Amino acid sequence: MLVAALFTVIQAVDYRQNVPSNDTYQYAKQTLRILGDSQEQAVHDAVVMYCQDSGNSAATTATLNSATGSTGSASDYTSAYDACLHTYRNGLTPSSPRYLAIFTSRPGYPLLAAPFAALFGLRFGLWVAAMLCTILASFLVIALLRVAGGSNLVALGGQVLFLAAPTGYWGSRMLTDGPSLATSLLALLGALWLARNDEGRLRLGAWVLVAGLGTGFLVRYSSEQLVALVLAVAALICLRWVPSSRGRGMKVLAIISSGGFVASELGSALLGWPGLSVSLQDTFTKHFIRPDVSDPVGRLVRLDLHFWGYYPVSEPTALLLAVGLIAIAVALVRRDAVFGILAIAVSATGLGAVVAHPIASQSDRLMSPVWVLLALGLPLLLVRPHNRQGVSEQDVSEQDVSAQDLSGQDVSGLPAGGGNDGAATSRAGSALAVSSEAV
């Protein structure tokens, strides 16, 4: 709770300095419509909030770029705000039906923000909804690490890493990234409980997995579909190559995840929500401003080849990130194959999102789920693994050596006498038995 509180205070410093976002404008407009505002009033109030952000951003930029140390003046804010209101007096563009459908198919975040917006205002409502989801996601990191066998300190380290990484930054923005990450980690927790094949947790794990996929469908169904797909693939990999995981729980995980993917595809189609083809057209037509392209899949392949070929030199830390995460992934699988495979699967959704939208300006945000592997993997790798009885490998080795020394000692030199000799032998046998049990 103290870590979460500190993170909230740090983010509150930037509360009114967010760079204005068209996506946030769309979610703000939906939130106002949920609260009963007319379309015209919702557009106006959402534009006002967007332009306030624009004015604050201009004033902050003036302050940070000032060589004299002076702060941004009120005129910087006023001029940017007035210009923004004039430019977008009829609402932000693009505003085509196909573009708006991308956001109206994500009702979860506006629905969550609406009660807070009604009580505390639009901007605070959107911000606090995203913050609560990000803090919940950090608590889910704690739960996942505890289920994986980590101590309280290990789990706390994972929470700190999650909030300090881009997962915390993008989760605190007024976007769907925080809520989407929370639903993904909720599904991962349910999957892990199922994978452990603990009879007492199988039913709970199934319900938690369904809850994670269900809420993820409402928040951002495209991400939920990817999570369901990678969890199903991870379950099949475990069943094929990890013999110790071949229990009822892993089979249930494979069935629920596969069913979740199919149900999401059918549900989104029945609701008329835009699919992958619409998303690709959105990318290649500049949000439907240009005419549709004839070969979106071919264009995507070519754009991915160009993007990923240039990515290692386009970002200063790209190679460091890739090498570090690969090393963590390999070490985590060697330590705990099931947990490692499931964690890698959910983290890989960040790469999947960028593959589907290889746009440099959006890659950092879309790729943020890959940092989940850092939060879940690094803390566990910094401590020694424990066996099921909670004894570390080093302790086991020491106990094994002690047992060998005791069993191999010469008892012929013990004092004569049946009573004493029998008692000494009995004590040696008891000590050996205790040591063997511990091993």
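What follows is a short chat about the predicted model shown above.

Me: What should I know about the model before reading residue numbers off it?
Reply: This is a predicted model, in which local features need pLDDT of at least 70 and side-chain atom pairs count only at pLDDT 80 or more, while totals for chains, interfaces and linings use all residues. Residues are numbered from 1 along each chain as its sequence is written, and side-chain values use heavy atoms, with hydrogens and water left out.

Me: How many helices and strands are there in the protein chain?
Reply: The protein chain has 20 helices and 0 strands, where helices (H or I, at least four residues) and strands (E, at least two) are DSSP runs numbered from the N terminus.

Me: And how much of it is buried?
Reply: Of the 439 residues of the protein chain, 46% count as buried, meaning under 20% relative accessible area, with exposed set at over 50% and partly exposed in between (1.4 Å probe, protein chains only).

Me: Which residues have the most contacts inside the largest nonpolar core?
Reply: They are Phe162, Leu185, Leu231, Leu342 and Leu376, in a core of 100 residues; such a core is a set of buried Ala, Val, Leu, Ile, Met, Phe, Trp, Tyr and Cys residues joined through side-chain atoms within 4.5 Å. Helix α7 (residues 122–147) gives the most to this core, with 14 residues.

Me: What does Phe162 touch?
Reply: Leaving out residues up to four places away in sequence, the contacts of Phe162 (heavy atoms within 4.5 Å) include Thr134, Ala137, Val141, Leu181, Leu185 and Val372.

Me: Switching to Trp193, is that side buried or exposed?
Reply: Trp193, which lies in helix α10 (residues 177–195), is buried, because its relative accessible area is 13%. Among the residues that Trp193 touches, not counting those up to four places away in sequence, are Val147, Asp198, Arg201 and Val208.

Me: Where does Gln225 lie, and what does Gln225 touch?
Reply: Gln225 lies in helix α11 (residues 202–241) and is buried, with a relative accessible area of 10%. Not counting residues up to four places away in sequence, Gln225 touches Phe261, Ser264, Glu265 and Ser268.

Me: Last one, what does α13 pack against?
Reply: The buried residues of α13 pack against α5 (97–104), α14 (296–314) and α16 (337–356). Helix α13 (residues 276–284) is mostly covered, with 7 of its 9 residues buried, and just after α13, Lys286 takes a positive phi of about 55°.
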